[in-house]
Amino acid sequence: MNIELTRFKVKKGKSERVDEWLRFLNENMKDVLVTLEGEKMYIETIFREHLNGDEYLYWYSVQGVGGQEVQNSNHWIDKKHIEYWEECIDETFKPVDLKTEVVMIPEKIRKSME
């Protein structure tokens with residue numbers, strides 16, 4: 001199992017597109033959840049922060065081993081998600097992976113995830 005929390009910087013002037021992107025994901029959650037199965041993505045959560053004049057998105061995920069990469073998906077929802085990503089995420093900013101220190105998942109939940 002892979003557990004991550006990563007910070008990505010939003011390009012300047014893209015806050016409204018990020019609003020649209022997050023709204024798109026929420027409004028199409030049924031299809032989003034279908035794509036997570038192929039990725040073996042058990043939990044994926046996006047957080048948003050404005051800090052010192054910059055905007056960041058944080059991805060928290062709990063993923064099983066051997067899942068499909070979103071970039072290899074042919075599902076329409078993933079293609080649109082990647083379009084938003086390429087438009088909104090600042091690729092010149094090195095993503096920051098926060099260090100996992102403690103994982104608290106009860107055994108019965110962990111077993112059902114695997």
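Analyst: Strand β3 is mostly covered, with nine of its 10 residues buried. Buried means under 20% relative accessible area, exposed means over 50%, and partly exposed lies in between, with a 1.4 Å probe and protein chains only. Helices (H or I, at least four residues) and strands (E, at least two) are DSSP runs, numbered from the N terminus. The model is predicted, so local features need pLDDT of at least 70 and side-chain atom pairs count only at pLDDT 80 or more, while totals for chains, interfaces and linings use all residues. Residues are numbered from 1 along each chain as its sequence is written, and side-chain values use heavy atoms, with hydrogens and water left out.

The sheet comes next. β3 belongs to an open sheet of four strands in the order β2-β3-β1-β4, with antiparallel pairing. Two strands pair if DSSP finds at least two bridges between them.

On one side, β3 pairs with β2 in the antiparallel sense over 10 bridges. The two strands form a hairpin with two residues between them, and Asn52 in this turn has a positive phi of about 55°. Met41 stands opposite Gln63 of β3, and Ile46 has Trp59 of β3 as its bridge partner. β3 is also joined to β1 by eight bridges, and these two strands run antiparallel. Here Glu4 has Ser61 of β3 as its bridge partner, while Thr6 has Trp59. Beyond that, β1 and β4 run antiparallel and are joined by two bridges, with Arg7 opposite Val96 of β4.

Which residues does Trp59 contact, leaving aside its neighbours within four places in sequence? They are Glu4, Leu5, Thr6, Phe8, Trp21, Glu44, Thr45, Ile46, His81 and Trp85; contact means heavy atoms within 4.5 Å. Tyr56, which also lies in strand β3, counts as buried because its relative accessibility is 9%. Not counting residues up to four places away in sequence, Tyr56 touches Arg7, Phe8, Lys9, Val10, Phe47, Arg48, Glu49, Leu51 and Phe93. Tyr56 and Phe8 are 48 residues apart in sequence, yet their C-alpha atoms are 5.5 Å apart in space. As a general point, the side chains in a regular strand alternate between the two faces of the sheet.

β3 also takes part in the core. The largest nonpolar core has 14 residues, and those with the most contacts inside it are Val18, Trp21, Phe24, Leu25, Leu57, Trp59 and Ile89. A nonpolar core is a set of buried Ala, Val, Leu, Ile, Met, Phe, Trp, Tyr and Cys residues joined through side-chain atoms within 4.5 Å. The elements that give two or more residues to this core are α1 (15-27), β3 (54-63) and α3 (76-88). Among these, α1 gives the most, with five residues.

α1 and α3 meet at an angle of about 160°, with their axes 10 Å apart. Axes are lines fitted to C-alpha atoms, for helices over the stretch in contact, and angles run from 0 to 180 degrees between N-to-C directions. α1 is therefore roughly antiparallel to α3; angles under 35 degrees count as roughly parallel, over 145 as roughly antiparallel, 65 to 115 as roughly perpendicular and the rest as oblique. Residues in this contact include Val18, Trp21 and Phe24 of α1 and Ile77, His81 and Trp85 of α3.

Helix α2 (residues 29-38) packs against α3 at about 95°, with the axes 9 Å apart, so α2 and α3 are roughly perpendicular to each other. In this packing, Asp31, Val32 and Thr35 of α2 meet Trp76, Ile77 and Asp78 of α3.
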